[in-house]
Amino acid sequence: MPALQSLSGLRGLAGALPGALTIQNAAQLASLDGLENITTNGKNDAGDSIWLFQMPALQSLSGLRGLAGALPGALTVQNAAQLASLDGLENITTIGKDVSGESIRLEEMPSL
């Protein structure tokens, strides 16, 4: 099975995403381009609004630039070794928390 390399097929998604945005174990995905028309999103049962995990090739969050206002849950990015900035999140004004009380969790990101 080929590895996921692009989210461009999701470019038609627009407006509110009722649940969390979760992407994990996407070793070859370098960007989140294709999600730029999502303007708000919800959260999952763990309290995460955005959860990006095991994405060693991820270099950019600019595909999230359409998100604006409040995230009801936490922002978690883990194991994204190539990610050097959080550009793309500028329009988020407040961030909620997850079930452990964390709002922002950035781990194993040596380029940041």
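**Surface and sheet**

Tutor: Leu106 counts as partly exposed because its relative accessibility is 34%. Buried means under 20% relative accessible area, exposed over 50%, and partly exposed in between (1.4 Å probe, protein chains only). This is a predicted model: local features need pLDDT of at least 70, side-chain atom pairs count only at pLDDT 80 or more, and totals for chains, interfaces and linings use all residues. Residues are numbered from 1 along each chain as its sequence is written, and side-chain values use heavy atoms, with hydrogens and water left out.

Student: Which strand is Leu106 found in?

Tutor: Strand S8. Strands are DSSP runs of E, at least two residues, numbered from the N terminus.

Student: What's the strand order in the open sheet?

Tutor: S2-S4-S6-S8, with parallel pairing. Two strands pair if DSSP finds at least two bridges between them.

Student: Which strands stand at the edges?

Tutor: S2 (21-24) and S8 (104-107). Each has a single partner strand, so one side of each is left without a neighbour in the sheet.

Student: How many bridges join S2 to S4?

Tutor: Four. Leu21 stands opposite Ile50 in S4.

Student: And how many join S4 to S6?

Tutor: Five. Trp51 has Thr76 in S6 as its bridge partner.

Student: What about S6 to S8?

Tutor: Four bridges, running parallel. Gln78 stands opposite Glu107 in S8.

Student: Is S6 mostly covered or open?

Tutor: Mostly covered: five of its five residues, 74-78, are buried. Ala74, Thr76 and Gln78 point one way, and Leu75 and Val77 the other.
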